[in-house]
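Hi there,

Here is the structure I promised to send over. Have a look at it first, and then read on for what turned up in it.

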Amino acid sequence: MNMFYVLNGRKLKKYFFIMIALVFSVGVIYAERDNITVFAPDQQTSAIYSVPTEKNVIALTFDISWGDKKLEPILQVLKEKNVTQATFFVSSLWAQSQPELVKKIQEAGFEIGSNGHKHDFYSKLNEEDIRKQIITADTILSKLTGEKPTLLRLPNGDFDKRVLQIADELQYRVIQWGTDSMDWMNIGTEKIVKRVVDKAHPGDIVLLHASDTVKQTHLALPLIIDQLREKGYEFASVSGLLSQTEVQGKPVQDKTTYIYSELSASDNESNSAS
(Lines give C-alpha, C1' and ligand atoms only; values in the text may rest on other atoms or scores of the structure.)
Protein backbone atom coordinates (compact mmCIF):
# COMPACT_ATOMS: atom_id res chain seq x y z
CA MET A 1 0.00 0.00 0.00
CA ASN A 2 2.85 2.38 0.79
CA MET A 3 4.33 1.75 -2.66
CA PHE A 4 0.95 2.53 -4.20
CA TYR A 5 0.86 5.99 -2.60
CA VAL A 6 4.48 6.73 -3.49
CA LEU A 7 3.82 6.05 -7.18
CA ASN A 8 0.69 8.17 -7.22
CA GLY A 9 2.50 10.93 -5.39
CA ARG A 10 5.11 11.04 -8.13
CA LYS A 11 2.42 11.15 -10.79
CA LEU A 12 0.64 13.94 -8.97
CA LYS A 13 3.90 15.87 -8.72
CA LYS A 14 4.47 15.37 -12.45
CA TYR A 15 0.97 16.56 -13.30
CA PHE A 16 1.39 19.52 -10.97
CA PHE A 17 4.48 20.73 -12.85
CA ILE A 18 2.76 20.18 -16.19
CA MET A 19 -0.13 22.37 -15.06
CA ILE A 20 2.29 25.05 -13.84
CA ALA A 21 4.03 25.00 -17.23
CA LEU A 22 0.72 25.33 -19.05
CA VAL A 23 -0.39 28.24 -16.89
CA PHE A 24 2.97 29.94 -17.45
CA SER A 25 2.72 29.43 -21.21
CA VAL A 26 -0.77 30.89 -21.33
CA GLY A 27 0.46 33.86 -19.33
CA VAL A 28 3.34 34.48 -21.73
CA ILE A 29 1.03 34.25 -24.76
CA TYR A 30 -1.39 36.71 -23.16
CA ALA A 31 1.35 39.15 -22.19
CA GLU A 32 2.90 39.01 -25.67
CA ARG A 33 -0.36 38.93 -27.60
CA ASP A 34 0.43 42.21 -29.38
CA ASN A 35 3.74 40.87 -30.68
CA ILE A 36 2.38 37.64 -32.12
CA THR A 37 2.06 37.33 -35.86
CA VAL A 38 -0.96 39.30 -37.00
CA PHE A 39 -1.95 36.89 -39.74
CA ALA A 40 -1.05 33.73 -41.53
CA PRO A 41 -0.23 33.89 -45.26
CA ASP A 42 -3.57 32.37 -46.24
CA GLN A 43 -5.68 34.75 -44.19
CA GLN A 44 -7.56 37.51 -45.96
CA THR A 45 -6.53 40.22 -43.49
CA SER A 46 -2.98 40.64 -44.67
CA ALA A 47 -0.58 42.96 -46.43
CA ILE A 48 0.40 41.75 -49.88
CA TYR A 49 4.07 41.95 -50.84
CA SER A 50 4.12 39.76 -53.94
CA VAL A 51 2.25 36.88 -55.56
CA PRO A 52 3.62 33.38 -56.05
CA THR A 53 3.90 32.68 -59.75
CA GLU A 54 6.33 31.16 -62.19
CA LYS A 55 5.33 33.68 -64.85
CA ASN A 56 7.76 36.50 -65.55
CA VAL A 57 5.28 39.21 -64.67
CA ILE A 58 5.90 42.18 -62.41
CA ALA A 59 3.95 45.21 -61.17
CA LEU A 60 5.47 48.69 -61.23
CA THR A 61 3.83 50.89 -58.60
CA PHE A 62 4.22 54.62 -58.01
CA ASP A 63 3.33 56.46 -54.82
CA ILE A 64 2.49 60.14 -55.10
CA SER A 65 1.56 62.59 -52.35
CA TRP A 66 3.17 65.88 -53.31
CA GLY A 67 4.08 68.05 -56.28
CA ASP A 68 3.15 68.50 -59.93
CA LYS A 69 6.46 68.23 -61.81
CA LYS A 70 7.57 64.58 -61.80
CA LEU A 71 4.40 62.70 -62.64
CA GLU A 72 4.15 63.74 -66.29
CA PRO A 73 7.74 62.79 -67.19
CA ILE A 74 7.06 59.36 -65.67
CA LEU A 75 3.84 59.00 -67.63
CA GLN A 76 5.74 59.98 -70.77
CA VAL A 77 8.38 57.30 -70.18
CA LEU A 78 5.70 54.65 -69.70
CA LYS A 79 4.05 55.77 -72.93
CA GLU A 80 7.29 55.76 -74.91
CA LYS A 81 8.19 52.32 -73.59
CA ASN A 82 4.69 51.01 -74.33
CA VAL A 83 4.04 50.03 -70.72
CA THR A 84 0.26 50.05 -70.51
CA GLN A 85 -0.17 48.44 -67.10
CA ALA A 86 1.02 50.00 -63.81
CA THR A 87 -0.53 51.17 -60.55
CA PHE A 88 -0.41 54.63 -59.00
CA PHE A 89 -1.15 54.95 -55.29
CA VAL A 90 -2.27 58.55 -54.80
CA SER A 91 -2.89 60.55 -51.68
CA SER A 92 -6.38 62.00 -51.80
CA LEU A 93 -5.07 65.23 -50.29
CA TRP A 94 -2.76 65.50 -53.32
CA ALA A 95 -5.51 64.38 -55.68
CA GLN A 96 -7.77 67.19 -54.47
CA SER A 97 -5.14 69.75 -55.39
CA GLN A 98 -4.17 68.10 -58.70
CA PRO A 99 -7.38 66.75 -60.28
CA GLU A 100 -6.01 67.26 -63.80
CA LEU A 101 -3.02 65.05 -63.04
CA VAL A 102 -5.30 62.38 -61.62
CA LYS A 103 -7.24 62.57 -64.88
CA LYS A 104 -4.02 62.10 -66.88
CA ILE A 105 -3.22 58.92 -64.95
CA GLN A 106 -6.70 57.65 -65.75
CA GLU A 107 -6.57 58.67 -69.40
CA ALA A 108 -3.30 56.77 -69.78
CA GLY A 109 -5.17 53.67 -68.64
CA PHE A 110 -3.30 53.11 -65.38
CA GLU A 111 -4.80 51.75 -62.20
CA ILE A 112 -5.32 54.16 -59.29
CA GLY A 113 -5.12 52.94 -55.71
CA SER A 114 -5.45 54.86 -52.46
CA ASN A 115 -2.45 56.16 -50.54
CA GLY A 116 -4.72 57.37 -47.80
CA HIS A 117 -5.62 60.98 -47.12
CA LYS A 118 -2.94 62.76 -45.12
CA HIS A 119 0.62 61.43 -45.40
CA ASP A 120 0.73 60.25 -41.80
CA PHE A 121 1.76 57.25 -39.71
CA TYR A 122 -1.45 55.28 -39.35
CA SER A 123 -0.18 52.97 -36.62
CA LYS A 124 0.05 56.02 -34.35
CA LEU A 125 -3.58 56.99 -34.92
CA ASN A 126 -6.54 55.77 -32.89
CA GLU A 127 -9.02 53.47 -34.63
CA GLU A 128 -11.54 56.23 -35.28
CA ASP A 129 -8.92 58.36 -37.04
CA ILE A 130 -7.59 55.40 -39.04
CA ARG A 131 -11.09 54.74 -40.33
CA LYS A 132 -11.64 58.44 -41.03
CA GLN A 133 -8.43 58.73 -43.07
CA ILE A 134 -9.27 55.70 -45.24
CA ILE A 135 -12.92 56.69 -45.75
CA THR A 136 -12.03 60.32 -46.54
CA ALA A 137 -9.59 59.15 -49.21
CA ASP A 138 -12.16 56.70 -50.54
CA THR A 139 -14.78 59.42 -50.90
CA ILE A 140 -12.45 61.88 -52.62
CA LEU A 141 -10.87 59.39 -55.02
CA SER A 142 -14.22 57.83 -55.91
CA LYS A 143 -15.60 61.27 -56.79
CA LEU A 144 -12.53 62.26 -58.84
CA THR A 145 -12.16 59.02 -60.77
CA GLY A 146 -15.72 57.73 -60.87
CA GLU A 147 -14.48 54.42 -59.45
CA LYS A 148 -14.13 53.17 -55.91
CA PRO A 149 -10.51 52.24 -55.19
CA THR A 150 -10.00 48.73 -53.84
CA LEU A 151 -6.25 48.80 -53.22
CA LEU A 152 -4.64 50.65 -50.32
CA ARG A 153 -1.00 51.39 -49.68
CA LEU A 154 -0.53 53.00 -46.30
CA PRO A 155 1.49 56.22 -46.17
CA ASN A 156 5.09 55.49 -45.19
CA GLY A 157 4.35 51.77 -45.53
CA ASP A 158 3.28 51.98 -41.89
CA PHE A 159 0.56 49.81 -40.36
CA ASP A 160 -0.35 47.54 -37.50
CA LYS A 161 -3.02 44.88 -37.03
CA ARG A 162 -5.72 47.49 -36.32
CA VAL A 163 -5.04 49.18 -39.66
CA LEU A 164 -5.19 45.84 -41.47
CA GLN A 165 -8.46 44.91 -39.80
CA ILE A 166 -10.10 48.27 -40.54
CA ALA A 167 -8.90 48.21 -44.15
CA ASP A 168 -10.35 44.74 -44.52
CA GLU A 169 -13.68 45.86 -43.05
CA LEU A 170 -13.73 48.68 -45.62
CA GLN A 171 -13.09 46.12 -48.39
CA TYR A 172 -9.54 47.19 -49.18
CA ARG A 173 -6.54 45.02 -49.96
CA VAL A 174 -3.38 46.43 -48.38
CA ILE A 175 -0.51 46.45 -50.86
CA GLN A 176 3.11 46.64 -49.79
CA TRP A 177 6.06 45.78 -52.03
CA GLY A 178 8.67 43.11 -52.52
CA THR A 179 11.30 45.41 -54.04
CA ASP A 180 12.03 48.93 -52.84
CA SER A 181 13.80 51.02 -55.49
CA MET A 182 14.96 53.47 -52.80
CA ASP A 183 14.32 56.23 -55.35
CA TRP A 184 12.88 58.33 -52.53
CA MET A 185 16.44 58.66 -51.19
CA ASN A 186 17.74 59.95 -54.53
CA ILE A 187 20.59 57.45 -54.40
CA GLY A 188 21.49 57.92 -58.07
CA THR A 189 20.07 56.60 -61.33
CA GLU A 190 22.43 53.63 -61.61
CA LYS A 191 21.80 52.49 -58.04
CA ILE A 192 18.03 52.74 -58.45
CA VAL A 193 18.17 50.66 -61.63
CA LYS A 194 20.47 48.07 -60.07
CA ARG A 195 18.31 47.67 -56.96
CA VAL A 196 15.17 47.02 -59.00
CA VAL A 197 16.69 44.80 -61.68
CA ASP A 198 18.77 42.73 -59.23
CA LYS A 199 15.98 42.22 -56.70
CA ALA A 200 13.01 41.80 -59.05
CA HIS A 201 11.43 38.35 -59.23
CA PRO A 202 8.29 36.78 -60.75
CA GLY A 203 5.17 38.15 -59.09
CA ASP A 204 7.08 41.06 -57.57
CA ILE A 205 5.57 44.42 -56.63
CA VAL A 206 8.09 47.24 -57.14
CA LEU A 207 7.96 50.45 -55.11
CA LEU A 208 8.69 53.66 -57.02
CA HIS A 209 7.55 57.25 -56.51
CA ALA A 210 6.13 60.08 -58.60
CA SER A 211 6.25 62.90 -56.05
CA ASP A 212 8.43 65.93 -56.75
CA THR A 213 10.86 64.87 -54.05
CA VAL A 214 12.22 62.10 -56.28
CA LYS A 215 14.78 63.50 -58.70
CA GLN A 216 15.96 60.45 -60.62
CA THR A 217 12.99 58.12 -61.05
CA HIS A 218 12.09 59.37 -64.52
CA LEU A 219 15.73 58.86 -65.55
CA ALA A 220 16.00 55.38 -64.07
CA LEU A 221 12.63 54.16 -65.32
CA PRO A 222 13.55 53.66 -69.03
CA LEU A 223 16.57 51.57 -68.01
CA ILE A 224 14.52 49.56 -65.52
CA ILE A 225 11.92 48.76 -68.15
CA ASP A 226 14.49 47.82 -70.80
CA GLN A 227 16.56 45.63 -68.51
CA LEU A 228 13.54 43.85 -67.03
CA ARG A 229 12.28 43.15 -70.54
CA GLU A 230 15.67 41.74 -71.44
CA LYS A 231 15.13 39.30 -68.58
CA GLY A 232 11.78 38.32 -70.07
CA TYR A 233 9.49 40.28 -67.77
CA GLU A 234 6.09 41.64 -68.71
CA PHE A 235 4.30 44.38 -66.77
CA ALA A 236 0.94 44.23 -65.03
CA SER A 237 -1.13 46.38 -62.72
CA VAL A 238 -1.38 45.18 -59.13
CA SER A 239 -4.95 44.00 -59.74
CA GLY A 240 -3.82 42.21 -62.89
CA LEU A 241 -1.03 40.54 -60.96
CA LEU A 242 -3.38 39.46 -58.17
CA SER A 243 -5.90 38.04 -60.63
CA GLN A 244 -3.35 35.59 -62.01
CA THR A 245 -2.71 33.64 -58.84
CA GLU A 246 -3.29 33.39 -55.11
CA VAL A 247 -1.73 36.25 -53.18
CA GLN A 248 1.28 35.73 -50.97
CA GLY A 249 0.89 37.38 -47.58
CA LYS A 250 3.79 38.05 -45.25
CA PRO A 251 3.63 37.71 -41.46
CA VAL A 252 4.08 41.00 -39.63
CA GLN A 253 4.37 42.03 -36.03
CA ASP A 254 1.99 44.49 -34.39
CA LYS A 255 4.54 47.20 -34.95
CA THR A 256 5.58 49.47 -37.80
CA THR A 257 6.97 47.14 -40.44
CA TYR A 258 8.76 49.60 -42.66
CA ILE A 259 9.17 53.33 -42.72
CA TYR A 260 10.20 55.59 -45.53
CA SER A 261 9.97 59.32 -45.82
CA GLU A 262 9.93 61.48 -48.88
CA LEU A 263 11.67 64.13 -46.77
CA SER A 264 9.52 66.89 -48.19
CA ALA A 265 8.99 70.03 -46.18
CA SER A 266 6.20 70.97 -48.54
CA ASP A 267 4.53 67.59 -47.93
CA ASN A 268 4.69 68.15 -44.18
CA GLU A 269 3.26 71.63 -44.59
CA SER A 270 0.34 70.34 -46.63
CA ASN A 271 -0.36 67.69 -43.99
CA SER A 272 -0.33 70.12 -41.10
CA ALA A 273 -2.61 72.43 -42.99
CA SER A 274 -5.27 69.73 -43.32
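**What was found**

H209 counts as buried because its relative accessibility is 0%; here buried means under 20% relative accessible area, exposed over 50%, and partly exposed in between, with a 1.4 Å probe and protein chains only. Please keep in mind that this is a predicted model, where local features need pLDDT of at least 70, side-chain atom pairs count only at pLDDT 80 or more, and totals for chains, interfaces and linings use all residues. Residues are numbered from 1 along each chain as its sequence is written, and side-chain values use heavy atoms, with hydrogens and water left out.

You will find H209 in strand β8 (residues 205-209); helices (H or I, at least four residues) and strands (E, at least two) are DSSP runs, numbered from the N terminus. The side chain of H209 is joined to that of D183 by a polar contact of 2.7 Å. Such a contact is a pair of N or O atoms within 3.5 Å; within protein, one must be able to donate a hydrogen and the other to accept it, and residues adjacent in sequence count only if both atoms are side-chain atoms.

**Salt bridges**

How many salt bridges does a search of the whole structure find? It finds eight, counting a side-chain nitrogen of Lys or Arg within 4 Å of a carboxyl oxygen of Asp or Glu. In one of them, D63 pairs with R153, with 2.8 Å between the closest N and O atoms. D63 lies in strand β2 (residues 57-64) and R153 in the loop between β5 (151-152) and α6 (161-169), so this pair ties together parts that are 90 residues apart in sequence. Both D63 and R153 are buried.

E169 forms a salt bridge with R131, again with the closest N and O atoms 2.8 Å apart. Since E169 lies in helix α6 and R131 in helix α5, the pair ties together parts that are 38 residues apart in sequence. E169 is exposed, at 52% relative accessible area, while R131 is partly exposed at 30%.

D68 and K69 also meet in a salt bridge through their side chains (2.8 Å, N to O). D68 is partly exposed, with a relative accessible area of 33%, and K69 is exposed at 56%.

**Helices α5 and α6**

In α6, the buried residues are R162, V163, L164, I166 and A167. They pack against β1 (47-50), α5, β5 and β6 (173-175). Just after α6, Q171 takes a positive phi of about 65°.

D138 sits in helix α5 and is buried, at 13% relative accessible area. Leaving aside neighbours within four places in sequence, D138 is in contact (heavy atoms within 4.5 Å) with K148, P149 and Y172.

**The second largest pocket**

This pocket holds about 190 Å³ of space. On a 1 Å grid over the protein atoms alone, a pocket is an open set of points where a 1.4 Å probe fits, with protein on both sides within 12 Å along at least five of seven lines; lining residues have an atom within 4 Å of a point. Grid points are joined across faces, edges and corners, and the volume is the space filled by probe spheres set on the points.

The lining has 13 residues, with E111, I112, E147, K148 and P149 nearest the centre of the pocket. β4 (111-114) and α5 (127-145) are the elements that give two or more residues to the lining, and β4 has the largest share, three residues.

Best wishes
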